[in-house]
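Here is a report on one protein chain.

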Amino acid sequence: MMRLGVAALPRNYELIYEALSGQMPQLSRDLAALGPEPTQEALDELGIKHKLVGHSALAADRARAEAQQALAELTTMLADTLARKHVFNSQLKRFAARLASDPVATMSEFADEAARLRDAAGRLMNEETALRATIETHSQRLGELEGDLEESRMALTRDRLTGLPNQTALSKRLAAVFETQPSGRSAALVLATVEGLRDLGEQHGGALAQKVLSELAAIFRKTIKKNDFVARVGPQEFAFVCNDVTAENAEAIARRIHQSVAELAITPPGRAFTSETLSLAAGIALTPAATSAAELLGQAELALTAARAHGGMQVYSSDIEKTSGKACVPAAA
């Protein structure tokens with residue numbers, strides 16, 4: 001970033017990282033095309049174009065400003081048209097009053113008044129037509145801007161590579177679980193790490209890692225129930241929120257997820273007759289053992305750490321916490 005003269009802004013760090021990671025080839029090409037010392041405006045245009053999370057606020061601000069400008073133009077045009085309508089109405093009233101007070105006015109005087117009214121009506125019609133066209137154009141653009149704003153909102157809660165919800169969305173979902181969960185019912189949080197996914201990208205390139213991530217996202221969506229939840233919360237980390245389950249149910253779900261990952265055969269480029277596989281470690285925590293979303297997340301993280309150390313999966317228990325020597329509330333909570 002120093003070599004390119006790029007400011008040390010969080011959104012610039014994200015842009016440079018994504019361009020260098022190899023997972024967004026077009027972004028890499030677009031950044032290279034900017035040449036040395038790209039302007040901040042050009043960098044922001046790239047971030048918005050490729051829908052990077054760090055640039056979603058900029059995209060939303062731009063769409064909001066454009067919408068405000070369009071509404072201001074419509075307000076001005078409507079005010080001008082209304083003023084001209086008042087003028088025309090006054091002319092029409094004067095003409096009607098003159099006819100009532102002087103019914104024997106000469107034909108030339110009558111023709112002059114009628115011509116002025118005709119011209120005023122013509123101008124008014126032209127302005128009405130222009131206003132209608134402008135309203136239609138701005139309405140279409142406002143619809144597009146609404147879509148842009150929705151994309152910006154989605155970027156804040158969606159993982160760009162898989163389309164799954166992200167860490168922010170998970171935090172909201174866990175908070176909702178504790179706010180709305182009926183008494184006596186239990187939900188489970190399963191944190192899982194797909195072992196080998198990072199190595200796969202480093203050895204065979206970002207394109208293959210992206211393909212595998214997309215396949216995993218599709219598998220995970222199919223593995224859980226319709227009303228359950230799955231998010232990508234790290235480079236190779238995923239989270240599942242399962243409603244109305246016992247510890248045994250949650251373990252069965254984790255085993256099903258583990259099996260689906262193990263069955264995924266990956267064929268690296270140039271190796272048509274060989275394939276590689278991935279494995280999964282999972283930590284499980286249940287809501288009855290936690291008093292808050294942060295505590296539940298902390299318990300699941302401890303269980304995942306234990307699962308990665310010993311293989312397979314682990315359900316959180318007080319013994320795991322004692323062994324780890326860590327509190328259950330994560331530092332970022």
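## The sheet

In this predicted model, V230 stands opposite F240 in β3. That pair belongs to the link between β2 and β3, which run antiparallel and are joined by four bridges.

## Strand β1

How many of the eight residues of β1 are buried? Seven are, so the strand counts as buried if one applies the limit of under 20% relative accessible area to each residue. β1 spans residues 188-195.

β1 has partners in β3 and β4. With β3 (residues 237-242) it pairs in the antiparallel sense over six bridges. A188 stands opposite C242 there. With β4 (residues 279-286) the sense is again antiparallel, over eight bridges. L191 has G283 as its bridge partner in β4.

## The nonpolar cores

The largest nonpolar core has 32 residues. Which of them touch the most other members? They are V194, V212, L216, F220, F240, L278 and L280. The elements giving two or more residues to this core are β1, α7 (197-204), α8 (206-223), β3, α9 (247-262) and β4. α8 supplies the largest share, six residues. In soluble globular proteins, nonpolar side chains tend to be buried together.

Not counting residues up to four places away in sequence, V194 touches L216, F220, Q236, F238, V261, L278, S279 and L280. Another core lies apart from the largest one.

## Two helix pairs

Two packed helices are described by the angle between their axes and the distance between the axes. α7 and α8 pack at about 150 degrees, with their axes 7 Å apart. On the α7 side the contact uses L197, L200, G201 and H204. On the α8 side it uses G206, L208, A209, V212, L213 and L216. By class, this contact has seven nonpolar, three polar and no charged residues.

The axes of α6 (residues 167-180) and α10 (residues 293-310) come within 9 Å and cross at roughly 120 degrees. Q167, L174, A175 and F178 of α6 meet A293, L296 and L297 of α10. Six of the residues in this contact are nonpolar, one is polar and none is charged.

## Helix α2

Which residues of α2 (residues 25-33) are buried? They are L27, D30 and L31. Seen down the axis of α2, the buried residues fall within an arc of 100 degrees, so they line one face of the helix. What covers them includes α1 (10-21) and α3 (40-49).

The face turned away from this buried side carries the exposed residues R29, A32 and A33. Just after α2, G35 takes a positive phi of about 80 degrees.

Leaving aside neighbours within four places in sequence, A70 is in contact with H138 and L142.

A70 can also be placed against T134. The two are 64 residues apart in sequence. In space, they are 9.5 Å apart, C-alpha to C-alpha.

## The chain overall

The chain has 11 helices and five strands. Of its 333 residues, 37% count as buried. Take the contacts in the chain with a separation of 6 or more: residues 24 or more positions apart account for 66% of them.

Key
Residues are numbered from 1 along each chain as its sequence is written. This is a predicted model: local features need pLDDT of at least 70, side-chain atom pairs count only at pLDDT 80 or more; totals for chains, interfaces and linings use all residues. Side-chain values use heavy atoms; hydrogens and water are left out. Buried means under 20% relative accessible area, exposed over 50%, partly exposed in between (1.4 Å probe, protein chains only). The arc is that of the directions from the helix axis to the C-beta atoms. Contact means heavy atoms within 4.5 Å. Axes are lines fitted to C-alpha atoms, for helices over the stretch in contact, and angles run from 0 to 180 degrees between N-to-C directions. Ala, Val, Leu, Ile, Met, Phe, Trp, Tyr, Cys and Pro count as nonpolar, Asp, Glu, Lys and Arg as charged, and the others, Gly among them, as polar. Two strands pair if DSSP finds at least two bridges between them. A nonpolar core is a set of buried Ala, Val, Leu, Ile, Met, Phe, Trp, Tyr and Cys residues joined through side-chain atoms within 4.5 Å.
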